[in-house]
Amino acid sequence: MDFRATLKIALRALARNKMRSMLTMLGIIIGVGAVIAMVGVGQGAQQAVQTQIASMGSNLLMIQSGSVNRGGLMMGWGQTKTLVEDDAKAIAREVPAVAAVAGQSGSSGQVVYENQNWATRVNGTEPSFFTIRSWQFSAGAPFTEQDVAQASNVAVIGETVRQNLFGATDPIGQTMRIGNLPFQVVGVLAAKGQSGMGQDQDDTIVVPLSTMQKKINGQTWLGSIVVSAVSQQASYAAQQQISALLRDRHRIRQGQDDDFMVRNLADMAQLADSSAQVMTMLLASIAGVSLIVGGIGIMNIMLVSVTERTREIGIRIAIGATEHDVQWQFLSESVVLSVLGGAVGIAFGVATSLIITKTLGWAVLISPMAIVAAVFFSMGIGIFFGFYPARKASRLDPIEALRFE
Amino acid sequence: MATTLNPEFEELEELNERALDAVIRVEDAHKYYDLGETKVHALRGVSLDIQRGEFVAIMGSSGSGKSTFMNMMGCLDKATAGKYSLNGTDVSKLSKNELAAIRNRELGFVFQGFNLLSRTTALENVELPTLYAKLAREERVGRAQKALELVGLGDRMDHFPSQLSGGQQQRVAIARALVNKPSILLADEPTGNLDSRTSVEIMQIFQELNEQGLTIILVTHELDIAQFAKRVVVFRDGKIRRDEPVLSRPSASEVLMKMPTLED
């Protein structure tokens with residue numbers, strides 16, 4: 001009852017100068033909207049990473065050639081030439097914790113079909129690759145060991161490549177050119193979407209390793225080896241064993257750096273997740289700054305309002321308003337301003353998030369918790385920044401105030 | 001009234017007796033204002049008793065201390081020295097909130113400039129004191145309506161002050177002052193912004209209210225207006241110089257009938 005009356009009075013007071021109230025609210029609207037959108041982007045990224053972790057399986061290992069002691073993710077990829085197919089075979093043979101192995105060698109290439117062309121990455125690898133990386137097929141089948149043995153010109157294409165090269169035509173059995181070489185399409189990969197790092201996983205072509213090394217990039221060494229351990233628990237053991245084996249095979253002495261890197265992909269994804277979290281915090285903080293500016297705007301306008309209404313405050317005090325009554329009156333105005341602004345800001349933030357998803361393609365996640373937090377936070381802003389003006393109003397001397405013009 | 005013997009019981013009895021008579025009792029009140037370098041001695045030992053049902057006009061030039069005295073009586077300000085009892089309670093001992101409660105329930109204020117809230121209706125203006133008395137909605141509106149009807153503005157409850165004449169605005173202010181049924185009405189130059197005929201109309205309202213038992217204290221600098229009261233107290237230089245009953249007090253309604261209307 002008291003609440004409704006207070007609300008009505010506060011709204012009436014704010015409506016006295018609609019333009020001013022709306023402009024003041026704008027600060028909060030932008031602040032809250034920005035925070036909601038940024039948190040949405042950050043949490044969307046986090047969720048995408050987590051989905052990837054789940055889809056990749058937690059027993060995946062990646063061995064990359066080149067030492068990477070600079071803390072980076074993919075530095076030195078393929079720069080060292082010591083990782084070879086025999087290493088991959090040795091790992092499969094001698095490391096019991098390993099379930100399957102596939103060596104990889106890659107190149108970027110222009111692919112052409114009839115009058116369509118597309119630039120993409122071409123990955124040369126073994127058939128075990130598809131199982132290790134959990135790739136499903138929407139059409140056709142993977143190439144075989146025989147294809148690798150014969151270095152056949154066959155290729156498996158990803159959904160993005162299929163769309164851009166073949167459109168409505170069935171690609172299976174068709175011949176396309178990779179560079180200058182003809183390749184027959186034997187399979188199409190089921191769509192996976194974007195990776196947690198924002199890359200289009202469907203923009204890929206997979207060919208037999210031997211074909212890649214002999215006919216496309218001419219390299220005898222591998223860029224990387226993907227390995228699946230027998231289980232998640234075994235993956236750490238596998239990591240150690242592979243390192244030891246490779247150090248031995250590459251004749252790396254005690255104290256020398258490895259010329260390869262064994263990565264537990266689940267770890268990497270965890271790293272990506274925490275850095276996505278940090279990014280979310282950072283974005284939210286920057287957006288939060290604009291919220292503080294909005295709050296300062298509220299304080300400013302409330303101070304002006306108090307000065308303008310000095311006479312009115314004097315009348316109210318003379319008639320029997322206590323300090324608390326006056327404080328409450330002005331605080332309720334600033335809280336209404338900030339909560340209304342917050343509500344509109346939430347709508348604004350959600351709309352912005354949807355626009356970001358549509359135009360940039362980034363995943364965005366709006367959690368109900370973020371919205372509830374935004375409501376409480378905007379209420380807090382109203383209370384915090386409205387407090388000083390409200391106190392000032394309540395402390396006016398009624399006699400002086402009544403004389404005020 | 002110092003007593004050498006001070007048996008608590010006796011004083012209490014006396015106080016109670018006094019309460020039935022004196023609504024306002026001021027004893028040797030002093031007020032100093034500190035204006036940086038100078039100290040202004042606005043009230044220099046004022047003593048005054050006002051009984052229930054009185055109609056007092058306070059007169060004096062600027063700087064005489066009458067406004068300071070009114071502020072003190074209205075509990076808007078406290079005396080620096082001396083005692084002020086309102087309905088038997090020593091006001092100087094009260095907290096800010098208790099004073100606010102007194103202003104809300106025991107006192108009614110009427111100002112020269114009406115002091116209505118401009119973007120609120122007459123009804124809502126009159127309702128204002130009831131809001132601070134924390135009454136329920138139906139009671140608030142009911143009281144406000146009755147107060148407005150009492151001053152003859154029952155048909156203009158939804159008007160805004162800008163839609164009302166000076167006299168009507170002052171009547172709304174009077175209704176507001178009465179809405180919490182105070183025992184004392186304090187009016188500071190209530191006719192200062194009104195023409196002669198409207199001034200007498202307002203005085204008519206005051207006289208009627210006083211007939212019904214309301215204690216009224218009025219500040220004015222016009223002798224004509226002061227004549228409608230029953231007692232005149234004159235301030236000068238911070239002290240009371242004269243305190244006399246009004247002889248041959250006119251009836252405002254009679255004066256109105258004899259007054260030429262605005263069309264003449």
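This is a predicted model: local features need pLDDT of at least 70, side-chain atom pairs count only at pLDDT 80 or more; totals for chains, interfaces and linings use all residues.

Trainee: What's chain A built from, in helices and strands?
Mentor: Chain A has 13 helices and ten strands. As for burial, 43% of its 405 residues count as buried.

Trainee: Which residues touch the most other members in the largest nonpolar core?
Mentor: Val35(A), Ala155(A), Val227(A), Ile58(B) and Ala175(B) do, in a core of 172 residues. Helix H2 (residues 18-56) of chain A gives the most to this core, 16 residues.

Trainee: Why does that core lie between domain 1 and domain 2 of chain A?
Mentor: Because domain 1 (2-52 + 272-403) and domain 2 (81-258) of chain A both give residues to it.

Trainee: What does Val35(A) touch, leaving out residues up to four places away in sequence?
Mentor: Ala284(A), Ala287(A), Gly288(A), Leu291(A), Gly349(A) and Ala374(A).

Trainee: Switching to strands. On S5 of chain A, are Val154(A) and Ala155(A) buried or exposed?
Mentor: Buried, both of them. S5 covers residues 154-157, and both its faces are covered. Val154(A) and Val156(A) sit on one side, Ala155(A) and Ile157(A) on the other, and all four are buried.

Trainee: So what about its neighbours? Does S5(A) run parallel or antiparallel to strand S7 of chain A?
Mentor: Parallel, with four bridges joining S5(A) to S7 (residues 181-189). Val154(A) stands opposite Gln184(A) there.

Trainee: And in which sense does S5(A) pair with strand S8 of chain A?
Mentor: Antiparallel, over two bridges, with S8 spanning residues 204-208. Ile157(A) has Ile205(A) as its bridge partner in S8(A).

Trainee: New topic, the contact. How many residues come from chain A and from chain B?
Mentor: Chain A puts in 14 residues and chain B 17 residues. On the side of chain A, helices H10 (310-319), H11 (323-360) and H13 (398-403) each give two or more residues. H10(A) has the largest share, four residues.

Trainee: What classes are the residues on the side of chain A that touches chain B?
Mentor: Eight are nonpolar, two polar and four charged.

Conventions: Residues are numbered from 1 along each chain as its sequence is written. Chains are lettered from A and ligands numbered from 1 in the order in which they are written. Two residues are in contact if their C-beta atoms, placed from the backbone, lie within 7 Å. Ala, Val, Leu, Ile, Met, Phe, Trp, Tyr, Cys and Pro count as nonpolar, Asp, Glu, Lys and Arg as charged, and the others, Gly among them, as polar. A residue is buried if 20 or more other C-beta atoms lie within 10 Å of its own, exposed if 12 or fewer, and partly exposed in between; C-beta atoms are placed from the backbone. A nonpolar core is a set of buried Ala, Val, Leu, Ile, Met, Phe, Trp, Tyr and Cys residues joined through C-beta atoms within 7 Å. Domain bounds come from an automatic or database domain assignment. Two strands pair if DSSP finds at least two bridges between them.
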